[in-house]
Amino acid sequence: MRNVRTENQKNEVDDLKKLIRDALAKNNTARKIEVLKKVINIMVLGVDLSDLFSDVLMLSVTPNIMQKKLAYHILIHYASSNPKLAVMSVDSMQKDCSSDFDPSIRGLALRSLTSLNAPSVLDYLAEPIQHGFTDRSGYVRRTAVIGALKLFHYNPSAFEANNFMEDIINCVNDRDPRVAVTAAQSIIEIQKSTGGSISSDFIIALLNRAGEMADFLALAVLDLIPQYTPAEEEIFPLMNAIETVLSTINPAVVVAGVRAMIWIVSQSHDSELLDQAMHRLRTPLITLGCSNCYTQEIRFSMLKHILTIVRIYGNLFEDCLYYFTIMREDPNYIRIVKLQIFEAVVNGKNRKFVESEVFTAMHNISRPNVAACAVSILPKLIANGSAVDSVFRRIGMILASKITPLYKSIFATLPALIQLTPQKLDYLKSVLLPIFTHIPHLNVPYLNEFIGLLPYIAPVLPDAIPTYLLEELLEHWSELDNETQALLVPTVYTMFFVRAGSMGSVVTQMQNVLVNCKNTMLVAINAHHIQLMNSDPHQFRDMLLSTIAPVEPEIFLQEKYALEQANSASLFDEFNSFAVVMGKPSDFFLQDALSMSMVDDELLKMEETTHTEPEPEQYTEPEPEQFAAPQPKGVSLEDLLDFGAPATAAPVTEPATFDFDVTTEIEMSAFQEMFLGMDGVEDSFNYSGTTDSIMSVLRKAASGTNEQGFRYFGYAHLEGEIVLVYMVDDTEAKSVDLVVKCMDGSKNEPIMVYLKNLIQ
């Protein structure tokens, strides 16, 4: 097989040589380009075509830039690994470097020549690079800067002998901004490698020229600033130079300027200087984050960057939060980021404004994700002096109305609220008791929060309820996921110390369940808890009860601020990147990939240590496979050749029926507010029966008369979600205008069909 493969490669090389010589003889440029493309297509398959080097070298002698690029690509591929071939290509590339025909050819030749990382050609690089610095074309001068940087990495002594560092420094003041930016980047890279000091003079000079640069060049200049530490006397000149760039309309340049400004100021540790810098940053950030001149996606990205900043420097927007007012046209994702900004900035000065925005978002139940985010801000409001009665009254209203999409957020927020204001726990007793008399369905999204809340509300629950709830959960242990099981174990121990008299049987039941548990980590954690309980039960009790003990507002705010600042500090290192938009450092997304690569490496090592070469097998020609067309069961081949099996009739689906819950009351004002904020469907139709059948399954909120007939407002709960119905009954024409609105929009149409069937 090896001889056959070698013979095939030889035939391919011979065929390509014939094609190249034929193209050279006919002097057809299009034909030459086609042949070079074919050579590259075969080369990338791993076929060795180094025998074609001299033929391709002849094709590189051309004024056509496309043909020369393809030829140089092939030459560099083989010359970089073969010093003898590299020397053959140097002469042709040196001639092109001094060509007066086209600056693109000079730049291409210089770039290709400096890409030959072979010791045999290093002596030939200095002269073309030297000429490139004085070329009249900015493209060639920029290529010379990059070539000099390559020579610095290839042969530092040759770089110093030709004094290329001085040439690169002179290029910082080049009339072409692209050359100047590339020179600045090269200087920083060289100084980092040699350990030399970096001056800010050339960066300030480039920032002063930012107005004549393209946006991507200004962005490159700003990205240079966080790469070095400025001296104290350089801070103000750099701040003034950066401020001129912040007036641009490009969001990426503004964000890079903000990052550079904060980096410069953070090096001085001067609080007054920090306040001055933050004042300069407010206007461009507000313009990009709150102006309707940009797309929603750009505004969202800018608001995420603002959120990262205010979590570190919380007083940046404390007196101008009105710019972030939630607008009617704002989508959910922008509303949520604005609420998060309110949470980061809220204090005693702006608490009233934040309260208004948060309470408005809480009551807009047509946007459950936004309302859940607003609920999570309530502990921060109370810690900053918000009205406790107002907060708990709104929570009680939501729980009494059985708005289940907000249960997850409320149950997750209540522990912090109870720790801050334990005296208000009795206020929620009446609305919590109906919810905690039985365990919810095991697949509800708020099951973990339901379990985690039990130790906090245990003082207002009868003794039998926590015992019953935990026993029921332990009976369904195998149906719980790992996260719920891991939460249930410490909850049982905590409840044991809160209600020691009635929880002994629950602890015994949990130990019996864990005997057969397959989660070894959970078994180890439980064993550790038992060891702590046996060694020092009082210390173990104090440790568990301290997690649910009351907390002073000042301590709560300090812990909250420290956590937010730590998370945002890690994000600030990746400012102006997608990590800020996602709200998590890039390492978070690479953890799975890194762990998988480590596993792959270990498996590879194991395979290398255990792998033995198999004995060579005799090659045999495989038998041709017999193709057999698959036949469906119960259908003959004759049926397939004719019309096939008879089609089965589509199943008839019966219209869905609904069991509405009408036990809860909703005030008319709340009905109107929810009706305006929810999406729904409407229909007009005639009927032969009576509309009383519709109202018989709903709870009437109000009714009245108008010119067309009678109006009815009805509501009910369906699986924990509110359903609102508005009906206009024209008794003379026997027609109905019906509007149905459900919190779960997918149920609007089925409910409409169900109500129509009741009266038609």
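Here is a friendly conversation about a predicted model and the terms used to describe it.

Reader: What makes up the secondary structure of the protein?

Author: There are 37 helices and 5 strands. Helices (H or I, at least four residues) and strands (E, at least two) are DSSP runs, numbered from the N terminus.

Reader: Why is strand β5 called largely enclosed?

Author: Buried means under 20% relative accessible area, exposed means over 50%, and partly exposed lies in between (1.4 Å probe, protein chains only). In β5 (residues 735–742), 7 of the 8 residues are buried, so the strand is largely enclosed by the rest of the structure. Across the protein, buried residues make up 47% of the 760 residues.

Reader: How do you know which strands pair with β5?

Author: Two strands pair if DSSP finds at least two bridges between them. Strand β1 (residues 680–686) has 7 bridges to β5, in the antiparallel sense, so it meets that rule. Strand β4 (residues 721–730) has 8 bridges to β5, also antiparallel. In β5, V740 is the bridge partner of V681, L738 stands opposite M727, and S735 is the bridge partner of D730.

Reader: Where else is phi positive in a residue other than glycine?

Author: N163 is one of the places, with phi near 55°, and K402 is another, at about 55°. N163 lies in the loop between α9 (156–161) and α10 (164–171), and K402 lies in the loop between α22 (388–400) and α23 (407–420). N163 has a relative accessible area of 39%, so it is partly exposed. K402 is at 31%, so it is partly exposed as well.

Reader: How do you know how many disulfides there are?

Author: A disulfide is counted when a pair of cysteine sulfur atoms lies within 2.5 Å. By this rule the count is 0. As for individual cysteines, C97 is buried because its relative accessibility is 17%, and C517 is buried because its relative accessible area is 15%.

Reader: What makes R282 and D319 a salt bridge?

Author: A salt bridge needs a side-chain nitrogen of Lys or Arg within 4 Å of a carboxyl oxygen of Asp or Glu. The closest N and O atoms of R282 and D319 are 3.0 Å apart, and the pair forms a salt bridge. R282 lies in helix α16 (residues 271–290) and D319 in the loop between α17 (296–312) and α18 (332–345), so the pair ties together parts that are 37 residues apart in sequence. R282 is buried because its relative accessibility is 19%, whereas D319 is exposed because its relative accessible area is 53%.

Reader: Why are D330 and R299 both called buried?

Author: D330 counts as buried because its relative accessibility is 1%, and R299 counts as buried because its own value is 2%. These two residues form a salt bridge, with their closest N and O atoms 3.4 Å apart. D330 lies in the loop between α17 and α18 and R299 in helix α17, so the pair ties together parts that are 31 residues apart in sequence.

Definitions and conventions. Residues numbered from 1 in each chain as written. Predicted model: local features only at pLDDT ≥ 70, side-chain atom pairs only at ≥ 80, totals over all residues. Heavy atoms only, no water.
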